[in-house]
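Q: Hey, can you walk me through this one? I'd like to see it first.

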Amino acid sequence: MTQLKKKQLNRALLFGGFTLPALLAILLSVEIPFLMSVLSSFTKWNGLDRVQTFIGLENYKELFLDDPDMWKAMWFTLRLTFCSVLMINVLALFLAVLLDSDIKGKNTLRAAFYVPNIISLIIIGYIWRFIFSAGFESFYQKTGWGFFMYSWLGDTHLVFFSVLLVSVWNALGFYLVVYIAGLQTVPRDLIEASMIDGASRPLRFFRITLPMIMPSITVCVFYSLSNGLKAFDVILSLTNGGPGNVTTTVALDIYRTAFVINRFGYGTAKSVILFLMILLISIFQVRAFKQKEVEV
């Protein structure tokens with residue numbers, strides 16, 4: 001064996017030694033359970049019995065033809081995802097531009113915006129449930145402003161905006177950090193050259209800065225989109241899908257189907273549909289945004 005082939009073999013062994021544990025961990029904790037869930041979606045199973053009864057496509061037939069609650073949850077999830085993705089990215093980008101400029105206390109503000117992102121979503125839901133009830137009542141007693149006494153979690157017309165507010169407030173800090181990192185990669189010589197040419201601040205932003213940070217926008221939209229479609233924790237602790245079922249997301253509906261009424265096979269069929277929906281939407285979004293990216 002030549003010296004070159006020995007080096008190549010050593011590199012391959014070294015690469016395999018570092019990557020094989022991670023691959024095995026992913027295989028055992030993600031891939032195999034996912035394949036088992038796909039198989040379970042073709043069965044009638046309560047999640048406890050040793051034997052699963054194979055029923056073919058009956059779960060999927062019921063899902064598409066005889067489950068209006070699932071499609072109500074789907075519609076709410078899509079509305080919440082669209083609004084949250086739009087608001088999170090617009091607000092995060094605006095704040096990133098503001099905090100990337102020379103203002104006093106910008107490092108403190110960055111940390112303050114990021115703090116909610118490190119708190120458990122379950123805890124955040126309970127915190128905001130308290131704020132919408134006891135907290136707003138105290139604000140009303142001090143200010144007399146009537147909107148503090150609205151039933152923010154009990155009114156079917158207002159609860160959507162309550163859930164949206166909490167979702168945006170919690171996620172904003174993470175995307176803010178990503179956008180700030182993207183803004184710091186924009187070549188300053190291009191900005192200075194445009195200033196010399198007399199370009200206004202809005203023109204510099206839309207013609208230079210925005211195209212340059214498209215990779216950051218792609219990442220932020222991808223994460224906010226997938227997280228919105230998988231929304232579960234905040235909804236569970238904040239409203240538990242109520243009032244009625246108006247704030248039930250697809251993930252919460254899957255949880256109830258599998259672990260509350262013990263229809264595990266039917267719940268896994270719903271989870272497969274959710275996975276396919278997230279996969280297709282994410283692929284379309286990433287491809288569309290990648291085409292807009294420019295090389296620095």
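A: One term to start: helices (H or I, at least four residues) and strands (E, at least two) are DSSP runs, numbered from the N terminus. This is a predicted model, where local features need pLDDT of at least 70 and side-chain atom pairs count only at pLDDT 80 or more, while totals for chains, interfaces and linings use all residues. Residues are numbered from 1 along each chain as its sequence is written, and side-chain values use heavy atoms, with hydrogens and water left out.

Q: Ok. Where is Pro243?

A: Pro243 is in the loop between α10 and α11. A cis peptide bond joins Gly242 to Pro243, with omega about 0°.

Q: And where's Asn240?

A: Asn240 is in the loop between α10 and α11 too. Its phi is near 55°, which is positive even though the residue isn't glycine.

Q: Is Asn240 buried, exposed or partly exposed?

A: Asn240 is partly exposed, at 40% relative accessible area. For the cut-offs, buried means under 20%, exposed over 50%, and partly exposed in between, using a 1.4 Å probe and protein chains only.

Q: How do α11 and α12 cross?

A: The axes of α11 (residues 250-260) and α12 (residues 264-290) come within 7 Å and cross at roughly 160°. Axes are lines fitted to C-alpha atoms, for helices over the stretch in contact, and angles run from 0 to 180 degrees between N-to-C directions. That is why α11 and α12 are called roughly antiparallel. The cut-offs: under 35 degrees is roughly parallel, over 145 roughly antiparallel, 65 to 115 roughly perpendicular, and the rest oblique.

Q: Which residues meet there, between α11 and α12?

A: Val250, Asp253, Ile254, Thr257, Ala258 and Phe259 in α11 meet Phe264, Tyr266, Gly267, Lys270, Ser271 and Leu274 in α12. Contact means heavy atoms within 4.5 Å.

Q: How does α2 pack against α12?

A: α2 (residues 58-65) and α12 pack at about 65°, with axes 9 Å apart, so they are roughly perpendicular to each other. On the α2 side, the residues that meet α12 are Asn59, Tyr60, Glu62, Leu63 and Phe64.

Q: And α4 with α6, what's the angle?

A: About 140°, with the axes of α4 (residues 106-114) and α6 7 Å apart. That makes α4 oblique to α6. Arg110, Phe113 and Tyr114 of α4 take part, and the α6 residues include Leu172 and Phe174.

Q: New topic: how many residues does the largest nonpolar core have?

A: 46, and those with the most contacts inside it are Leu80, Phe132, Val166, Tyr175, Tyr179 and Leu238. A nonpolar core is a set of buried Ala, Val, Leu, Ile, Met, Phe, Trp, Tyr and Cys residues joined through side-chain atoms within 4.5 Å. α6 gives the most to this core, with 14 residues.

Q: What does Leu238 touch?

A: Not counting residues up to four places away in sequence, Leu238 touches Gly125, Trp128, Arg129, Phe132, Leu153, Ser162, Val163 and Val166. Another core lies apart from the largest one and has 14 residues, among them Met70, Val250, Ile254 and Met277.

Q: Last one: is Thr218 buried or exposed?

A: Thr218 is buried, at 4% relative accessibility. Thr218 sits in α9 and, leaving aside neighbours within four places in sequence, is in contact with Gln285, Phe289, Lys290 and Glu293.
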